[in-house]
Amino acid sequence: MVFKQRVLVGASLISIAGAAWVDPSVLDACAGYTLQNPLTEGAVFTADLVLAGNCSVFGADIEQLALTVEYETDSRIHLKITDAASDRYEVPESVLPRPSPSGNASAETAAIQFSYTADPFSFSIYRTATSEVLFSTASFPLIFEDQYIRVKTSLPPSPNVYGLGEHTDPFRLPEFNTTRTLWSRDAYGVPTGTNLYGNHPVYFEHRTTGTHGVFLLNSNGMDIKLNETEEDGATLEYNVIGGVVDLYFLAGSETSPVEVAKQYAEVVGLPAEVPYWSFGLHQCRFGYSDFVDVAGVITNYSEANIPLETMWTDIDYMDRRRIFTVDPDYFPMDRMREIVEYLHDHDQQFILMTDPAVALVEGYEPYDRGTNMDVWLKLPDGTISIGLVWPGVTVYPDWFHPDIQSYWNIEFTMFYSPEEGLDIDGAWIDMNEPSNFCNLPCEDPFQQAIQQALPPNRTTTPPDHDTPIFVNSTGVSRRRKRDLLTPQYAIDNAAGALSSKTAWTNVTHANGLVEYDTHNLYGTMMSTATHEALLNRRPGLRTFVITRSTFAGAGSKVGKWLGDNLSQWDHYRFSIAGMLGMASIYQIPMVGSDICGFGANTTETLCARWAMLGAFYPFMRNHNSDTSISQEFYRWPAVAEAARNVLDIRYRLIDYIYTAFHQASVDGTPVLQPLWYQYPSDPNTYPIDLQFFYGDAILVSPVTEENSTSVSIYLPDDTFYDFTTFAPIVGNGSEVTLTDVNYTQIPVYIRSGTIVPLRVKSAMTTAELREQDLEVVIAIGRDGTARGNLYLDDGVSLVQESSTWITFTYANKTLSVDGSFGYQTESRLKQLRLLGIDSEPTTVMAGGERVQTSFQAQSKSLLVSLDKALTDGFAVTLSE
């Protein structure tokens, strides 16, 4: 189907296929609006915006708008523009609750200011202290039509703009001819330069003078265009096909980029804390043939001495790809329950996939129950909207239906019953853009199901049911009728028409909202329903949900994997930028890519390198496709060795990153950070997206080129310490080339001025790991100080009865250990390792007693033996 649009170019209308394009000079020539009736009442400014002249580029202009500007906090301005005469769709509060104003903010105390020009209307946001303009629509008129809104701002030359995901573009977005389209789609291969699964209309802009953020709270489809020309300079332009202008301006900070991330968390919600076990290694594959195959993988990891925390299964387990079923021949319930019981008996976990689409088959109980409850998406005429997904012809749950949570709870309670079903420990939700295999115009999905062989037939014979396993083991009113299928402005959707490969955009939800407006919310709403269903199954315990499609605020409930990547070196590389976007900007820290790649065939060297990089994804999972070769870490000697080496590092660091996650849940401090977060005055760090900080202390610098054993890394003007040898390396703001980095190693450094808690040794499960003793590494900074924290709790409870928060501070050759010590643990602090010690001290006193030490002159490190219970504070002092 060719999707054609009528587009105004100069004075004429033409038809084109695909995305809409219009000469920017035509848009810039529109008359815009005039501001009238300004009124300031406390922290709130209101005004009318009256159309100054018709533009009518993609429909009739709305004649009068209402402007509201509120200083919500001293670091946040909320600006909203909507139709003064008629209600318009806005993101429902039930999906993203709005932040409350502080109640004591004002223009006089705010770090940023709003100013405007009345005729023609434009506005700017600038820093109070320096008058530096951060956002300005001067010279670019506001265009506000029923199905097209345009807001355009100037940017400084060569701007450092980050965000506007989900995408696989560079972390620092290219400033020339870049279009970031936000419209959820099933994006196999995660192609660069296209819209992908999720939508996060927020960007951070970093300058040497500070960092600020801009969040457009709008779930409609949009193109956000970055460009730099001689005529206009650098600009950023929103082109949105519905909703309202709902902008949050975040002052950030003139010194620390971390502050803007924390301020964004105040708007969209703090990240959820996750179970301690979720930081272990996860293994999955689309293509495990039967229960014997799954059990064999678990056994083989154990025999290879590679710690496996959580086993996953993809849709292979289902009966004809229908959710909430098991195939009685290939994955019989009793044998699957045996696998789950085995995992739990060995302190391991189990997760499997749940898709949203429900097979349209009478007699299939999940479909019958949903039909009786009337919870499916519907077309405008009231009939059920149907699609085509893995089980064939399907229906889609309506996440706005008042009974949808009850329906989802019932299905989860029954199928995932600990007594009679599969006792899962977390949930994996996929295909929730929502995906649809039916090719437009999709006039006969039943025929297309036959043509596409959906559901697909099994290609192997079922195993004997009794085959031994583990034998060798250890409501909105609208002013006018809108075109919900083909609006005049066509966003640059890589799938084509808005409804291509997804649910029809004219389907109506139970509350009257239409998919045209809410499409980009579908995955996040399924995430919320799944989170609640897991809470219903296991009240009081933290949930663990990994989703594919997200919207702003999703991290408060779920984690995210970056979708169906490929076993290619460029996908290995851009996984870092994708991860940084989610964790350091969008506040979805539990994130990772499919290690070794999902599609195509990996190689031993790629998988070895990826296993090591993947150990520094917060969510570490090996997963690939049924059409690819098997790639479990034990398949190749080099990969197995690489996995063992790096999992030893990861597991010893779990308490460190667990502490970072807790801090993020408290104030939004990012758990992963680009280099410029720590070195904001160093312009060389601004484009770097092949190195990153794991937490705020661990610098990860992987080898990124195929068949290479060397890598050039950037080291800012600071001191770093090799994680394995503890030797110092002094950075001077330049690149350093590392050689002889074999395929089982990854360069990892500790940033000076930090203190890192570690387990003394690793373990095969996180349950065993929690029994190990601890050590603390003190990477002394150039000023002679260092600081770090350790958080301990039971690892699973939603509300902790007791917890421990320890602050380590090193200054004047004394380590002070202070905090609150509520959580009882048998683990003890067994040693300190001080890095950057020029000479051996004569004595070291801990709690008033002299302790044994060992000094290494070559690495300038000092090992201090201790045996301290984590029950109260103490001090360790070095004397010359």
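Here is a walk through the disulfides and salt bridges of this structure.

What you're looking at is a predicted model, where local features need pLDDT of at least 70 and side-chain atom pairs count only at pLDDT 80 or more, while totals for chains, interfaces and linings use all residues. Residues are numbered from 1 along each chain as its sequence is written, and side-chain values use heavy atoms, with hydrogens and water left out.

Let's start with the cysteines. A disulfide is a covalent bond between the sulfur atoms of two cysteines; here the working rule is a pair of cysteine sulfur atoms within 2.5 Å. By that rule the structure holds three of them. If you count the bonded cysteines along the chain, the pairing reads 1-2, 3-4, 5-6.

Begin with Cys-30 and Cys-55, which are joined at an S to S distance of 1.8 Å. This pair links distant parts of the chain, 25 residues apart: Cys-30 sits in the loop between α1 (24-28) and β3 (33-41), and Cys-55 in the loop between β4 (44-51) and β5 (64-73). Those element names come from DSSP runs, numbered from the N terminus, with helices being H or I of at least four residues and strands being E of at least two. Cys-30 and Cys-55 are both buried, a word that here means under 20% relative accessible area, with exposed being over 50% and partly exposed in between (1.4 Å probe, protein chains only).

Move along to Cys-438 and Cys-442, bonded with their sulfurs 2.0 Å apart. The torsion about this S-S bond is about 105°, so the disulfide is right-handed. Cys-438 and Cys-442 are both buried too.

Next come Cys-596 and Cys-607, with 2.1 Å between their sulfur atoms. Cys-596 is in the loop between β29 (594-595) and α11 (604-614), while Cys-607 is in helix α11 itself, so the bond ties together parts that are 11 residues apart in sequence. With a torsion of about 80° about the S-S bond, the disulfide of Cys-596 and Cys-607 is right-handed. Cys-596 has 0% relative accessibility and counts as buried, and Cys-607 is buried with a relative accessible area of 0%.

So what about Cys-284? Cys-284 is in no disulfide, and the nearest cysteine sulfur, on Cys-596, is 13 Å away. Cys-284 is also buried, at 0% relative accessible area.

Now for the charged side chains. Take a salt bridge to be a side-chain nitrogen of Lys or Arg within 4 Å of a carboxyl oxygen of Asp or Glu, and the count comes to 42.

One of them pairs Asp-655 with Arg-759 at 2.6 Å, N to O. It links distant parts of the chain, 104 residues apart, with Asp-655 in helix α13 (residues 654-667) and Arg-759 in strand β39 (residues 754-759). Asp-655 and Arg-759 are both buried.

Asp-793 and Arg-542 make another, at 2.7 Å, N to O. Asp-793 lies in the loop between β41 (786-792) and β42 (804-811) and Arg-542 in the loop between α9 (522-537) and β26 (545-547), so this pair ties together parts that are 251 residues apart in sequence. Asp-793 is buried at 1% relative accessibility, and Arg-542 is buried at 7%.

Then there's Asp-186 with Arg-548, where the closest N and O atoms are 3.5 Å apart. Asp-186 is partly exposed at 22% relative accessible area, whereas Arg-548 is buried at 0%.
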